[in-house]
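Subject: Handing over the structure

Hello,

Here is the structure I promised to pass on. Please open it and keep it beside this email while you read.

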Amino acid sequence: MSDDLLQDSPTLSLPHNLQVERALLGSLILDNRQIDLVLEIFHPEAVSMARQGNAARRRGQNHIEPLFFSQAHQRVFGSICRLYDAGTGIDLTTLAEELNRQGDLELVGGAPYLASLEDDVFSLTQVPEYARIIMEKWKLRSLIRATQLISEVAASSDARADEVIEQAEKRIFEIALDRVQRDFVQIGEPLAEQLIEIENRKKGVAELPGLPTGFRVLDRMTTGLRPSQLIILAARPSMGKTALALNIAAHVAFRRGQTVGIFSLEMSASELITRLMCTEARVSMGRVRGNFGLRRDELDAIHEAAERIEKAPLYIDDASSLSAMELRAKARRLKSRCPELALIIVDYLQLMTGGGARYDNRQQEVSEISRSLKQIARELNVPVIALSQLSRQSEQRQGRGVKDKLPRLSDLRESGAIEQDADIVLFIHRERNMATDEDGSHEPELATLRIGKQRNGPIGDTQLLFRGEFTRFVDLALDSD
């Protein structure tokens, strides 16, 4: 039957190119060395389905679109993969034998059809291009298939609308990313990279492996924020969680020009923008909000700050009610819109909801939210900073010194899962000098920034200086080295 054995005869209008499929298969038969190159280009899950052949069909594994539009070509490719995995040389004889063993030889058109595949090979140098064309058609068919499946689910299922939307966005996002995953990396390549990095550090010319926060000691202790990390920034109310998060966002977006997404459940976008302008202009928040009147130089500084902020790749979502599912969907859309997304900030965790599921208690719900934030970090491959409230335990602990009141991991509010899911846990503590002058300015105040947990680095304390009137944290002092 050869090319007549198509995936679905009523859907011949689906994107496909049978000639390119034939040319690729013929090339792989003629030169087995090209198989590795093709496997690097093809989607790994789609390759896995082809490799499993009849086993996948018996299990009804139909949620993945076949790589090849023609079922005959799909079966031939699957047999090629199985022979290659077994270390068997692939030619017309061994391929026909494998197809016959699977019961597929006659279905694909027999040995004569296999021999005819080589007739469409014009140049073995075009194999990468053949593979890319097949992948392009696969993506288009996958999108069509995803929309059809979602339409069926939406029409016939009792699922909630937001769950259907989340499933649709997940499918489309996975197709768009087209991540090719490697199982193994030979140790020599990363070893060489690490040696170069160590040498550069010794010379003082190396950049941080992770995303810089703008705080020198913190960056030194964490080596920057890494992709897929969940960073919890926790403190009691009014300690400066939002201020520190915005300071980091400003450094990444304004000074490094990298994209930042902020989900603000507590404050409106206008409030955040006012804070950012005052922080950048170094003008007192109290004077901007109050009736003290701004000097000409202060107004000029605010306008200059506004111009810098306007051009920055900073995106704010200020929905006051947000479920874990909704946040994941919005984050995916932002990543699709801005593939270079460098950081996500969530302010704050306890204001989120778990979604439509029913939970026995709030602790279970917060655990689900925490896991979801970690999944978002891994899926989008960006660091996620989630702000979190602390319980009153740190304030109620008895002790004579300040160290007795410094936050601990056990102070994380409502769920031990937050500690478990987080890669880094940061705490802020100030003695809360709230005295203000008539114009709304604050005296500079020492703040302790504690790393309470770090999977791959040290824990410990560093001190920052908090300028309350500007809602700005700054390094207390720069080390001489």
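Start with one definition: a residue is buried under 20% relative accessible area, exposed over 50%, and partly exposed in between (1.4 Å probe, protein chains only). Next, the ground rules. This is a predicted model, in which local features need pLDDT of at least 70, side-chain atom pairs count only at pLDDT 80 or more, and totals for chains, interfaces and linings use all residues. Residues are numbered from 1 along each chain as its sequence is written, and side-chain values use heavy atoms, with hydrogens and water left out.

**Salt bridges**

A salt bridge here is a side-chain nitrogen of Lys or Arg within 4 Å of a carboxyl oxygen of Asp or Glu. Side chains of opposite charge can pair when their charged atoms come close. The structure holds 18 salt bridges. Helices and strands come up throughout: they are DSSP runs, numbered from the N terminus, with helices being H or I of at least four residues and strands E of at least two.

Take R132 and E129. Their side chains meet in a salt bridge of 3.7 Å, N to O. Both residues lie in helix α9, three residues apart, about one turn of the helix. R132 is partly exposed, at 45% relative accessible area. E129 is partly exposed too, at 36%.

Now look at R22 and D120. They form a salt bridge, with the closest N and O atoms 2.5 Å apart. R22 lies in helix α1 (residues 18-30) and D120 in the loop between α8 (110-117) and α9 (127-156), so this pair ties together parts that are 98 residues apart in sequence. Are these two residues buried or exposed? R22 is buried, with a relative accessible area of 12%. D120 also counts as buried, at 15%.

R141 forms a salt bridge with E65, and their closest N and O atoms are 3.1 Å apart. R141 lies in helix α9 and E65 in the loop between α4 (54-58) and α5 (71-85), so the pair ties together parts that are 76 residues apart in sequence. R141 is buried, at 2% relative accessible area. E65 is buried as well, at 4%. Which residues form a network with E65? E65, R141 and R145 are linked by salt bridges.

**The sheet**

Strands of a sheet pair through backbone hydrogen bonds, either parallel or antiparallel. Two strands count as paired if DSSP finds at least two bridges between them. This model has an open sheet of nine strands, in the order β3-β2-β4-β5-β1-β6-β7-β8-β9, with mixed pairing. The edge strands are β3 (314-317) and β9 (472-475), and each pairs on one side only.

Follow β7. Strand β6 (residues 424-430) pairs with β7 in the antiparallel sense over seven bridges. H429 stands opposite T448 in β7, and I428 stands opposite L449 in β7. β7 and β8 also run antiparallel, joined by seven bridges. There, E445 stands opposite F466 in β8. A hairpin of five residues joins β7 to β8. β7 is mostly covered, as eight of its ten residues are buried.

**R455**

R455 lies in the loop between β7 (445-454) and β8 (460-467). R455 is partly exposed, with a relative accessible area of 44%. Contact means heavy atoms within 4.5 Å. Not counting residues up to four places away in sequence, R455 touches Q420, D421, A422 and D423. A polar contact is a pair of N or O atoms within 3.5 Å; within protein, one must be able to donate a hydrogen and the other to accept it, and residues adjacent in sequence count only if both atoms are side-chain atoms. The side chain of R455 makes one with the side chain of D423, at 2.8 Å. The backbone oxygen of Q420 lies 2.7 Å from a polar atom of the R455 side chain.

**The cores**

A nonpolar core is a set of buried Ala, Val, Leu, Ile, Met, Phe, Trp, Tyr and Cys residues joined through side-chain atoms within 4.5 Å. The largest one has 42 residues, and L244, V260, L343, I345, I385 and F473 have the most contacts inside it. Its largest share, ten residues, comes from helix α13 (residues 241-255). A second, separate core of 38 residues includes V38, L83, L95 and Y130.

Best wishes
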